[in-house]
Amino acid sequence: MIKLSNITKIYPPDITALHKVNLHIKPGEFVSVVGQSGTGKTTLVKLLISEEKADDGKIVIGGWDITAIGQAEISVLRRQIGVVFQDFKLLYKKTLFENVAFALQVCGEPQRKINNIVPQVLKIVGLENKMHRYPLQISGGEQQRAVIARALVHRPKILLADEPTGNLDSINADEIIEILQKINKFGTTVVLVTHNREVVNKLRKRVITIENGLVVGDQAVGKYVL
Amino acid sequence: MFLLSFLRVIKFSLQDIARNIWLSIITIIIITLALFSVNLLLTVKVLTSATVGAVKDKIDVSLYLKSEAPENLILALKSQIENIDSVAKVDYISKQAAIESFREKHKNDPEILQALLELGKNPLSPGLIIKPKDINNYDDLIVSLNKIDNDIIESRNFDDHKAILAKINNIADKASEAGLFISSLFVLITILVVYNAVRVAIFTHKREIGIMKLVGASTWFIRAPYLISGVIYALLGVVVAIIIIYPFLSLIQPYLASFFSGLKVNILDYYNSNFLLIFGLEFLAASLVNVLASLVAVGKYSKV
């Protein structure tokens, strides 16, 4: 599903975020990428959605070499991957319904389909009664659930979650992880980037550890060991 | 698919204008003020041209004829002059018409009227009033008139007119040059103000543009609502400018009419007869500036 071969990313002047990283994530896996702040975890997510370009190496997603894709293809790539960000990245001037619908509208989906699917997805994340509220009218945990709904709505094969619990209390964090596990059970590959030890240890799934831009650990049923 | 996206883009654009209502109002106010200033400048330009045109229109050449010249020869001369290319119109003022006009002009001056009575006969000569077709070809007209050899012509001294004409042309040219310079400067400032207003409006959407890009929106899908908003802002700006400018012109028209009494100056008529041209061009120019500003600003913030 996701294959990184010898990926290196250097930020000017000479900060090596990732150095010769090799990874292979299979379809349907739930993988936690752990490491302390500034070790290159977010750079990895940015490379996977082509927000950054690798200086060396090759990235293949679902058989598609995205290492050097053009601007027009980037939009197409992002419509096939669901992304959950730590800072939510919701459009404040749109309601939750509109935020989720936007992900389908950019794909050119018909309105009837959107009106049908969006409430269903919002129901999955428990926001069916708040779909006409604006992001700033709901809590952080609810905002993150709305982001998950937006990431899921076009049924992506891959869901990238970059520190999705970073701004949440433990109760909300547990709820978000539960939702991610549910999504994974439906067959979606989930890549969870986090430095939340408790969350990773509870999951008992594959753990990839990154330290100073290098992959220093990859356990099939791992724990947060740093 | 394209139609669906297009309709969505229009919907997003209207939604964006409504949900950022204060920002939209401020942008429209700036565009309106800029257009109002442009219209003020246009009003000044129209008044200047009307004044210079009216003064030029008053310039004519008088050919004084001998007192005893028979009417048939005068009419033959009139027709000869009418055939000259640079002549627009020739008016024949008979001795009788000349004295009547003189009396009318001095009707409040009893001394002059008394002197005329004491003379006992009409002292005025008949004359031909010649209006040139183009005031700039005045010299050609004088040459042609000087070439006419006819005994009934009493005098043809045109030198005074040449001096006045040179002065008027000089003033008109300078007014035109200054007008062009001020207009260009003004239009440039207006463009920069509107361009910046739209850029500031889009700057507040910087975060949104980045998010749209991360969700997979194409650059066109992000850009188009802002382009449409820019055109809508321009349209609303022009409409508000029209709503303001017409009462303003109606208010100043009586003052202009009294200030330029004797001249055909009606700024309202000018706006009415050139409505589509003036406001159509202003709408196009404002839209163009807005679209350009939107393209640059969105392009800058959508590089994610």
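This is a predicted model: local features need pLDDT of at least 70, side-chain atom pairs count only at pLDDT 80 or more; totals for chains, interfaces and linings use all residues.
1. The domain assignment divides chain B into domain 1, made up of residues 2-55 + 168-301, and domain 2, which covers 67-151. The C-alpha centres of these two domains of chain B are 52 Å apart.

2. A34(B) is a residue of helix α2 of chain B, which spans residues 21-57. A34(B) counts as buried because 25 other C-beta atoms lie within 10 Å, where the cut-off for a buried residue is 20 or more. When neighbours within four places in sequence are left aside, A34(B) is in contact with T190(B), V193(B) and V194(B).

3. The contact between the chains draws 17 residues from chain A and 16 residues from chain B. On the chain B side, the elements that contribute two or more residues are α1 (2-19), α8 (206-215) and α9 (219-259), and the residues of that side comprise eight nonpolar, five polar and three charged.

4. In chain A, strand β1 (residues 2-11) runs antiparallel to strand β4 (residues 56-61), and five bridges join them; D56(A) in β4(A) is the bridge partner of T8(A).

5. Strand β4(A) also pairs in the antiparallel sense with strand β5 (residues 64-65) of chain A, over two bridges, and here I61(A) has W64(A) of β5(A) as its bridge partner. The hairpin of β4(A) and β5(A) has two residues between the strands, and within this hairpin G62(A) adopts a positive phi near 55 degrees.

Terms used
Residues are numbered from 1 along each chain as its sequence is written. Chains are lettered from A and ligands numbered from 1 in the order in which they are written. Helices (H or I, at least four residues) and strands (E, at least two) are DSSP runs, numbered from the N terminus. A residue is buried if 20 or more other C-beta atoms lie within 10 Å of its own, exposed if 12 or fewer, and partly exposed in between; C-beta atoms are placed from the backbone. Two residues are in contact if their C-beta atoms, placed from the backbone, lie within 7 Å. Ala, Val, Leu, Ile, Met, Phe, Trp, Tyr, Cys and Pro count as nonpolar, Asp, Glu, Lys and Arg as charged, and the others, Gly among them, as polar. Domain bounds come from an automatic or database domain assignment. Two strands pair if DSSP finds at least two bridges between them.
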